[in-house]
Amino acid sequence: MKLTLIKTDPCIAQNTLLTEAQRQFQMRNLKKMIRFMKAQLKRLEKERTID
């Protein structure tokens with residue numbers, strides 16, 4: 001399994017300013033996704049699917 005992180009262009013990031021509520025919502029979603037991926041990774045390691 002390969003994960004790719006994408007860097008955003010700072011110019012684009014400055015043009016699309018998020019409200020605090022939107023930022024918190026995105027952070028919650030990212031944390032949920034990370035927690036899910038860690039659980040998946042642990043499950044796959046247990047099944048010896050990946051090394």
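**Reading a helical chain: a tutorial**

Tutor: Let's start on the surface, where Met 27, Leu 30, Met 33, Ile 34, Phe 36 and Met 37 form a nonpolar patch with about 540 Å² of accessible area together. The model is predicted, so local features need pLDDT of at least 70 and side-chain atom pairs pLDDT 80 or more, while totals for chains, interfaces and linings use all residues. Residues are numbered from 1 along each chain as its sequence is written, and side-chain values use heavy atoms, leaving out hydrogens and water.

Student: What makes a patch?

Tutor: Its residues have over 30% relative accessible area and no salt bridge; like charges are joined within 9 Å, and nonpolar side chains (Val, Leu, Ile, Met, Phe, Trp, Tyr) within 5 Å. Areas come from the Shrake-Rupley method with a 1.4 Å probe, and for residues only the protein chains shown count as cover. Met 33, for example, has a relative accessible area of 43% and is partly exposed; buried means under 20%, exposed over 50%, and partly exposed in between (1.4 Å probe, protein chains only).

Student: How many helices and strands does the chain have?

Tutor: Two helices and zero strands. Helices (H or I, at least four residues) and strands (E, at least two) are DSSP runs, numbered from the N terminus. Met 33 lies in helix 2, which covers residues 20–46.

Student: What span should helix 2 have?

Tutor: The expected span is 1.5 Å times one less than the number of residues. For the 27 residues of helix 2 that gives 39 Å, in agreement with end C-alpha atoms 39 Å apart. After helix 2 comes Arg 48, with a positive phi near 60°.

Student: How many salt bridges are there?

Tutor: Side chains of opposite charge can pair when their charged atoms come close. The rule asks for a side-chain nitrogen of Lys or Arg within 4 Å of a carboxyl oxygen of Asp or Glu, and the count is two. Glu 20 pairs with Arg 23 at 3.7 Å, N to O; these residues are three apart in helix 2, about one helical turn. Arg 43 and Glu 47 make a salt bridge with their closest N and O atoms 3.0 Å apart.

Student: How much of the chain is buried?

Tutor: Of its 51 residues, 2% count as buried.
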